[in-house]
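The sequence and structure come next.

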Amino acid sequence: MVYFIRIAQRQFIRTILSINKTRAYFYIVFLKRYLRRHSSCFLFLRLAQELRAEVISPDLNIFERMKHSVYVLKSEHSFDSAHFLANYEGKCRSIHGHRWRVIIEIKSAALNTDGQLDGMIVDFSKLKKDLKEEVDYFDHALIIEKGSLKPSTLTALEEEDFRIVEVDFRPTAERFSKYFYDRMTSKGYQVKSAMVYETPTNAASYEEDPHGAV
Ligand SMILES: [Zn+2]
């Protein structure tokens with residue numbers, strides 16, 4: 001068995017080296033995805049044979065076969081809040097406010113085929129409601145990174161009855177984009193990307209495996 005695996009690996013490497021860079025890239029993505037689903041080495045051998053067949057016979061186009069289609073839904077909601085960046089040299093170290101815009105894209109290879117949701121990934125109203133719930137958590141709050149204020153300052157702010165939300169990350173647009181990506185994923189969505197605008201012209205986004213299948 002080990003002997004066959006070695007042959008397969010050699011065959012695979014030879015194949016990868018003999019094809020052009022763009023195609024090689026997609027084959028590697030394909031291989032990773034394949035191995036993630038099937039841990040058997042025997043499948044690796046089959047894959048190597050397939051890749052080799054692809055080079056010998058260009059009509060057998062793996063790239064075409066691995067092409068996939070995807071539906072995407074986009075929803076947006078915004079919140080107003082104050083934050084500051086601790087240990088930052090510049091004006092962002094002072095408390096200031098933003099209207100943060102959060103744009104979520106969810107994806108699916110297939111649509112529902114019956115009932116109320118026929119022809120949809122999910123009802124827009126449900127997506128909007130779920131996003132709003134996450135975003136409203138920060139609305140009209142002072143967002144504070146845990147441990148970035150003196151305990152006495154925090155107590156004084158709380159005594160003023162200010163709405164304070166403590167987070168365990170530095171509250172940048174980048175961190176928020178991952179935060180909302182993770183939150184919507186935990187709600188069961190297949191999230192394509194999460195984008196957070198900190199100002200009308202500056203935004204950060206987070207996505208995972210942009211070349212992967214859905
Ligand atoms: Zn800011």
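This is a predicted model: local features need pLDDT of at least 70, side-chain atom pairs count only at pLDDT 80 or more; totals for chains, interfaces and linings use all residues.

Two strands are taken to pair if DSSP finds at least two bridges between them.

## Strand pairing

With that criterion, strand β5 is joined to strand β6 (residues 202-206) by 5 bridges, and these two strands run antiparallel. β5 and β6 form a hairpin, with 2 residues lying between them. β5 also pairs with β2, again in the antiparallel sense, over 6 bridges.

## The nonpolar core

The largest nonpolar core has 23 residues, and those with the most contacts inside it are V102, I104, F180, M184, V191, A194 and V196. Two or more residues are given to this core by each of β2 (96-108), α5 (124-136), β3 (141-145), α7 (173-186) and β5 (191-199). Of these elements, α7 supplies the largest share, with 6 residues. In soluble globular proteins, nonpolar side chains tend to be buried together.

Which residues does M184 contact, once its neighbours within four places in sequence are left aside? They are I104, D130, L131, E134, Y189, V191 and A194. Among these partners, I104, V191 and A194 are also listed with the residues that have the most contacts inside the core.

Within α5, the residues L127, D130, L131 and V135 are buried. Seen down the helix axis, the buried residues of α5 fall within an arc of 130 degrees, so they line one face of the helix. An α-helix has 3.6 residues a turn, so residues three or four places apart point the same way.

The buried residues of α5 pack against β1 (71-83), β2 and α7. On the face turned away from this buried side, α5 carries the exposed residues S125, K129, E133 and D136.

## Helix α6

Helix α6 (residues 151-159) is hardly covered, for the count of buried residues among its 9 residues is 0. Just after α6, D161 takes a positive phi of about 70 degrees.

How values were computed
Residues are numbered from 1 along each chain as its sequence is written. A nonpolar core is a set of buried Ala, Val, Leu, Ile, Met, Phe, Trp, Tyr and Cys residues joined through C-beta atoms within 7 Å. A residue is buried if 20 or more other C-beta atoms lie within 10 Å of its own, exposed if 12 or fewer, and partly exposed in between; C-beta atoms are placed from the backbone. Helices (H or I, at least four residues) and strands (E, at least two) are DSSP runs, numbered from the N terminus. Two residues are in contact if their C-beta atoms, placed from the backbone, lie within 7 Å. The arc is that of the directions from the helix axis to the C-beta atoms.
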